[in-house]
Amino acid sequence: MVLITAVREYVKRMLQDISGMKVLILDSQTVSIVSVVYSQSELLQKEVFLVELVDSISKSKESMSHLKAVYFLRPTSENIQLVRRQLTSPRFGEYHLFFSNMLKDTQLHNLADADEYEIVQQVQEFYADFVAVDAYHFSLNIASNHMYMLPAVVDPSSLQHFCDRVIDGIAAIFLALKRRPVIRYSRTSDIAKRIAQEALKLMYQQESGLFDFRRAEVSPLLLIVDRRDDPVTPLLNQWTYQAMVHELIGIQDNKVDLRNIGKLPDDQKEVVLSSEQDAFFKVNMYENFGDIGMNIKKLVDDFQQVAKSNQNIQTIEDMAKFVDSYPEYRKMHGNVSKHVTLVTEMSRIVEERKLMLVSQTEQELACNGGQGAAFEAVTSLLENENVSDIDHLRLVMLYALRYEKESPVQLMQLFNKLASRSPKYKPGLVQFLLKQAGVDRRTGDLYGNRDLLNYALNMARGLKGVENVYTQHQPLLSQTMESIVKGRLRDVDYPYIGNHFQQARPQDVIIFVVGGTTYEEARSVSLQNATNSGIRFILGGTSVLNSKRFLKDLEESQRIIRTSSNVI
């Protein structure tokens, strides 16, 4: 709960001490930060009668002096300019300025200079510069997520901008937690090392006083890793509820856009999937798809019982009782139809794309040895007309990552077959993935030395019983967390930065994935935290990936590198 609680507390403090009618003015990023933790009705309870974007409010000249303006913005130079412009011809009665991160002195002077009418009541820094997706999972929603794959020489200023945003996000997390971490990073990643160095410089030199909380506990650990250490997880189909919705339909800031799905009532065209606001989702977000079907049937049955009792209205008292319970009834109705719509749509996609067939081979490629059988299975699926182009591409990528060193001839055959089969196949994209995230570029043991351990693992699985053939895969992150819990995370793979070392086992570990997290990894973190190992893990990243977004980032970085004159 720590992340959601921290952001909710900041928003509450912004709004509750300012009495009267308010307008809340956000930017394109803080709108996401607020919307995942506060619903519209909750804002209304805090007397927020209008929510506007800072760039669109600039275009209006209408005076609203009866409203108090509460700004919550990222401290970017563009936002400072917009606020300055709005202060020179004020439309609201009062201005309360809150920024999601550290303001520079020059920015503060610029704002003071613009406030000639003296209507700014306060300027504060509230460190909510991240999107608290779930209790232990945050994202920075960086649009240019592909930047992490580019060599520094390709576009130095854009890469610096990317790194600055990451540092801002990481700094805000630790300021919100009131802790200063010890920092480690993934050895083979230049970008992880660069971010680790810049975070160290900020927290221990430039803003040392701000981060010095004088606390006696063991420092938390910030571990900065690279998405390319585990390119398998974002390529796999998912079979647990939250991860599956994101993979097949897409989740943005805990909202799912259903406008392209048949004829739905207006209030179902965009639905909220939040563990904070939806009790059914909270209980079922990590459940297998098969179990979800059963649980939704129970949800529908419960609702029908309620509906039946509401039909039995015979007296004035019955009617009054129904009217009192009507908001709850409407909410229950909306919730039931939301989950039924989502599961129905996902079942349709699974059937249409033959995903059960595809996923079985994906899981074999990710979890088990046996190169010959894998080659035959992928070849057979490449020849299957019912399998989509994107699934063909992902299967070849998963095979290439698994067997790049073992079967170059067969890999070439798969490349050729893929190129002839799938018109959407981008030439060289699989080879580009290997160059970016092949075995020579990765930190950590992605396949867990599977060929030696496979026999033992399969025996252990046989004894325990695999929960589900479609959810055998464990992300590399699970292994990393296990190593941290046991105190066995190797310094040679994840070196410390600076001369700050871990004196004892940390109680808090923030793992930040440059290049983006997945909901499968968020599930692993949540399950790990439920074991009460004495360490609380928090997962963060530059964005939340599904296979579509991962491939889009790959294509975009390949295109930029190809057209760049700085890369030989």
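**Buried residues, aromatic pairs and a parallel sheet**

Asn 254 is buried, with a relative accessible area of 4%; buried here stands for under 20% relative accessible area, exposed for over 50% and partly exposed for anything in between, using a 1.4 Å probe and protein chains only. The model is a predicted one, with local features needing pLDDT of at least 70 and side-chain atom pairs pLDDT 80 or more, while totals for chains, interfaces and linings use all residues. Residues are numbered from 1 along each chain as its sequence is written, and side-chain values rest on heavy atoms, with hydrogens and water left out.

Back to Asn 254: its phi is near 65°, a positive value in a residue other than glycine. Asn 254 sits in the loop between H10 and strand E10 (255–257); helices (H or I, at least four residues) and strands (E, at least two) are DSSP runs numbered from the N terminus. Glu 47, not a glycine either, has a positive phi of about 65°. Glu 47 belongs to the loop between helix H3 (40–45) and strand E2 (48–53) and is partly exposed, at 33% relative accessible area.

Next come the aromatic rings. A search of the whole structure turns up 12 aromatic pairs. Rings of Phe, Tyr and Trp (its six-membered ring) pair if their centres lie within 6.5 Å, and planes under 30 degrees apart count as stacked, over 60 as edge-to-face and the rest as tilted. Phe 138 and Phe 512 have ring centres 6.1 Å apart and planes at 35°, so this pair is tilted. The two come from distant parts of the chain, 374 residues apart, with Phe 138 in strand E7 (residues 137–139) and Phe 512 in strand E12 (residues 508–514). Phe 138 is buried at 1% relative accessible area, and Phe 512 is buried at 0%. Trp 239 and Tyr 470 make another tilted pair, 5.0 Å centre to centre with 40° between the planes. Trp 239 lies in the loop between strand E9 (221–226) and helix H10 (241–248), and Tyr 470 in the loop between helix H19 (450–464) and helix H20 (476–485), so the pair ties together parts 231 residues apart in sequence. Both Trp 239 and Tyr 470 are buried.

As for the sheet, five strands line up in the order E2-E1-E3-E4-E5, open and with parallel pairing; strands pair if DSSP finds at least two bridges between them. E2 and strand E5 (120–125) stand at the edges with a single partner strand each, so one side of each has no neighbour in the sheet. Strand E1 (residues 22–26) and strand E3 (residues 64–73) pair in the parallel sense over five bridges, and Ile 25 has Tyr 71 in E3 as its bridge partner.

Finally, the packing. The largest nonpolar core has 144 residues, and Phe 130, Ile 224 and Tyr 241 have the most contacts inside it. Such a core is a set of buried Ala, Val, Leu, Ile, Met, Phe, Trp, Tyr and Cys residues joined through side-chain atoms within 4.5 Å. Helix H7 (residues 156–177) gives the most to this core, with 13 residues. Leaving aside residues up to four places away in sequence, Phe 130 touches residues including Leu 3, Val 7, Ile 33 and Phe 138, where contact means heavy atoms within 4.5 Å. Another core, of 21 residues, lies apart from the largest one and has Met 64, Ile 80, Leu 82 and Phe 92 among its members.
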